[in-house]
Amino acid sequence: MIELELQSVTQSYGPKQVIDGLSFVLNRGDIGCLLGASGCGKTTALRCIAGFEPIDGGAIRISGQAVSQPGWALPAQQRQVGMVFQDYALFTHLSVAQNIAFGLRHLSCAAQRQRVAQLLELVGLTDEADRQMHQISGGQQQRVALARALAPKPKLLLMDEPFSNLDVALRERLSGEVRDILKAEGATALIVTHDQNEAFALADWVGVMDAGRIAQWDTPYNLYHQPANRFIADFIGQGAFLVGEVLGNQQVRTELGVLDGYVPPDCHSGGCAQCPKRCQVDVLLRPDDIVHDDASALLAEVQSKAFRGAEFLYTLGLPSGQRALSLVPSHHDHAIGEKIGIKLAADHVVAFRRAG
Amino acid sequence: MLKKPNGWLLTAGAVAALVLVPVVVSLLSFAQVDAGILRHLGEFVLPDLLRNTVWLLLGVGLGVTLLGVSLAALVALCEFPGRRWLQWALMLPLALPAYVSAFVMIDLLDYSGPLQAWLRATWGVAQLPDIRSGWGVVLVLSFSLYPYVYLIARNAFASQGSVALEAAQALGMAPLQGFFRVALPMARPWIAAGLLLALMETLADFGTMAVFNFDTFTTAIYKAWYGLFSLPAAAQLSSVLLLFVLVMVVIEQRSRRGMRYGAVGRSASTRRRKLQPVASALALIYALLVLVLAFAVPVTQLLRWSVASAAQDLDARYWTFLWHSILLASLGAALVVGVALLLAYAGRQQPGGMMTWLQRLATLGYAFPGAVLAVGLFIPVAALDGWLATLVQSWLGVESTGWLKGTLLVMLLAYLVRFLAVAFGPLNNGLQRIGRNVDEAAHSMGVHGQALVALVHWPALRLSLQTAAMLTFVDIVKEMPITLMTRPFGWDTLAVRIFEMTSEGEWQRAALPAMAIVLVAMVPMVLLASRREEAHD
């Protein structure tokens, strides 16, 4: 069942088009994530959904009810949309429990107490209930903000860069915890972040945003392994492009061997209108698509290496001069300039028409 | 283990000790009781003073809170035409000393003034409540002192108000309700701090009370000194006034602590709520009305009077007043900034709990009314002087009435205590921005000692020094009771001239010196505002 729907939403600040035809849907109980670089319009999108910004075109619907249209918007306080702000926006004159109870004013005292106790337990702050905001840590403040937003059981929970104020170690731990909390509450949530690890750890669905619209709305797995275009392939994860020659509808030959898999439709028959000969494509190879194998006859020169603990990320120079990345278990410590044997371990191919 | 006190701690300790002198002197005055005067004070003076002071504090407190908070909220949380300009212009009344708007307002609102004359002629209104009364003082002081609340509350609203309102909205609360339930309570420590500054100024005010002939402690101290010729009586009144001040200081320190706690996860993003046309118009009218009453009307009237009296008053004596004001303010500012710099540097060289405590004590003088400082520093300096004179006579046989009396010493010391905090604030902030690692980076590049000060500290501190000197200079030019009570013979300044003219009811002839003070006081406001604009762009 669709909880949130954006239909070609546009929004601009003066002459600058911040959101430009943004469309996606989020089903009830799912966690969605808008991922993008700063300035891509993701926070503005969130604020439009919350009801803090008007929209210029399209429509936003929550539970099937239109909440934003050009020239009209349901006031934020009537949307039943919870929001966790980037800096939490906690009420410093209230205690932890009072902050959480703030959105429960319409309930009876007993019902309020019960719901607050339930949430305190859910976010693990039962012992901190009477603390003031300056008496708890950043991570605890983050969880108070989450509990406060969840307390009135909103139809939709919005989170704006929820972990950006925390240090890296805490960020990783909390993103797992937050996902568990949201799932335990059965909440429908939309999260905005610029950190793909965070997006992958939290979300069921991730929409990569670019220039005010969704470049691809998909599962984290598919974004990584089946990027819809070059922008996504560049933005998500690491990788290198190798020139490939299309052999057939499902086959591409690269310097490292022949790969089976997806080929852009206009190159299907192996040749195309623009290219005189066979169609040339850029093939995306992730670092885990190339494995180190001493027995392999295919040799590549180590150009640089980055130690990652469990593995090395090697940048390899191929015989043709092209470059590729390879993740190699870290006991294979090779010197820069050394030639090492590699082989292709990709079970599918991701290829894009060559630019130009 | 007790550490050996070092030079920096001793320096800070000496400055802090100076602040304690007037307090100790006021308290010691009870050792020398004149029963007759004390009975007179207790029976006829004190009850009135206490009643007047309490009502004044309540009235001005209410007035500045209503004006300051409402204007701050409008400017920080709402967007309407003219807002950018108003947010700066609403500080302008700070350039107008309360004693100046006092005599202009009396003239305009008095029975014989233009407003009442017009009301009588047009509407047949017989009479408004007498302006020369408690409510008149409250009115003038509220319009004059609201910027203290406005400035500090505006910062609070701007830094956390709008996001708090949105948070309340996301929890189902309409914006206006959210303002009263969230933004206002969250800003309480800031509002309290601004309010207390305004109340301290109210307690310290001498000029306005003198113009209104309204009896409070400051005017009573002055009268005890000049009317009863009783220094102990003046000091005893001082000690009661200091009791009020002490209460204010304690509450203020507590609200400052609240500000530190309240500053959890503050955001820099400010999204103001766009007002509808009607609301915009109302907001604009309200803010303009305050600005007109608090600034435009008094200044216009001053200008008219200045022009009318220029031919008569713009003589050599006027230039002497001006020269004295500038000379005193320059000397005072140099002394105050020098000591403030020393105090701030001491804190940097020798940081620690003890130093922080001494610095806080040393800068407490801003809370002391000028009249208290005048009495509290005159008495010990006079005593020292007498002791010196006997000493010199017994050793050298030279007859003398003293060397310190009749010099600028008492006045400059009093300025130092009263305005040290004004200079210390910007200097300390400036010094703190030059972190210790900046010193270490310079050391690593072979820059030490004087070169470090000349190449690193001085350029970084130049703006802070300018700000500190400018603010102190203006404060001294505006200052009335210290200058009036401790000036050497013949050292009349602009403020003294205003006091003399207004005490004779010659409003018009007070206008020219008043205009000069307002112009001087506007310089730093314009400079600081434009500097801030640059920093924002």
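The model is predicted: local features need pLDDT of at least 70, side-chain atom pairs count only at pLDDT 80 or more, and totals for chains, interfaces and linings use all residues. Residues are numbered from 1 along each chain as its sequence is written, while chains are lettered from A and ligands numbered from 1 in the order in which they are written.

Chain A divides into domain 1 (2-233) and domain 2 (239-353). Chain B has domain 1 (21-310) and domain 2 (314-503). These bounds come from an automatic or database domain assignment.

**Domains of chain A**

- The C-alpha centres of domain 1 of chain A and domain 2 of chain A are 38 Å apart.
- Their contact takes 5 residues from domain 1 of chain A and 4 residues from domain 2 of chain A. Two residues are in contact if their C-beta atoms, placed from the backbone, lie within 7 Å.
- On the side of domain 1 of chain A that touches domain 2 of chain A, 2 residues are nonpolar, 2 are polar and 1 is charged. Ala, Val, Leu, Ile, Met, Phe, Trp, Tyr, Cys and Pro count as nonpolar, Asp, Glu, Lys and Arg as charged, and the others, Gly among them, as polar.

- Strand 1 (residues 2-13) of chain A pairs with strand 2 (residues 16-27) of chain A in the antiparallel sense, over 9 bridges. Strands (E, at least two residues) and helices (H or I, at least four) are DSSP runs, numbered from the N terminus. Two strands pair if DSSP finds at least two bridges between them.
- The hairpin of strand 1 of chain A and strand 2 of chain A has 2 residues between the strands, and G14(A) there takes a positive phi near 60°.
- Strand 1 of chain A also pairs with strand 4 (residues 57-62) of chain A, in the antiparallel sense over 5 bridges.
- L4(A) has a bridge partner in each of these neighbours: L26(A) in strand 2 of chain A, and I62(A) in strand 4 of chain A.

**An open sheet in chain A**

- An open sheet of 5 strands in chain A runs in the order 14-13-12-15-21, with antiparallel pairing.
- Its edge strands are strand 14 (257-260) and strand 21 (350-353) of chain A, each pairing on one side only.
- From one strand to the next, the twist averages 40°. Axes are lines fitted to C-alpha atoms, for helices over the stretch in contact, and angles run from 0 to 180 degrees between N-to-C directions.
- Strand 15 (residues 280-285) of chain A meets strand 21 of chain A in antiparallel pairing over 4 bridges.
- D282(A) stands opposite F352(A) in strand 21 of chain A.

**Positive phi in loops of chain A**

- Most residues other than glycine have a negative phi.
- Q80(A) is not a glycine, yet has a positive phi of about 55°. Q80(A) sits in the loop between strand 6 (72-73) and strand 7 (81-84) of chain A.
- Q80(A) counts as partly exposed because it has 17 C-beta neighbours inside 10 Å. A residue is buried if 20 or more other C-beta atoms lie within 10 Å of its own, exposed if 12 or fewer, and partly exposed in between, with C-beta atoms placed from the backbone.
- A89(A), also not a glycine, has a positive phi of about 50°. A89(A) is in the loop between strand 7 and helix 2 (96-101) of chain A.
- A89(A) is buried, with 25 other C-beta atoms within 10 Å.

**Domains of chain B**

- The C-alpha centres of domain 1 of chain B and domain 2 of chain B lie 26 Å apart.
- Domain 1 of chain B gives 28 residues to the contact and domain 2 of chain B gives 22 residues.
- Helix 11 of chain B supplies the largest share of the domain 1 side, 9 residues.
- That side of domain 1 of chain B has 24 nonpolar residues, 4 polar and no charged.

**Helix 20 of chain B**

- Helix 20 (residues 494-503) of chain B is largely enclosed by the rest of the structure, because 7 of its 10 residues are buried.
- Among the buried residues are R497(B), F499(B) and M501(B).
- G505(B) follows helix 20 of chain B and has a positive phi, near 75°.

**Contact between the chains**

- 20 residues of chain B are in contact with 23 residues of chain A.
- Helix 6 (134-170), helix 7 (175-186) and helix 11 of chain B each supply at least two residues of the chain B side.
- Helix 6 of chain B gives the most, with 6 residues.
- The side of chain B that touches chain A has 12 nonpolar, 5 polar and 3 charged residues.
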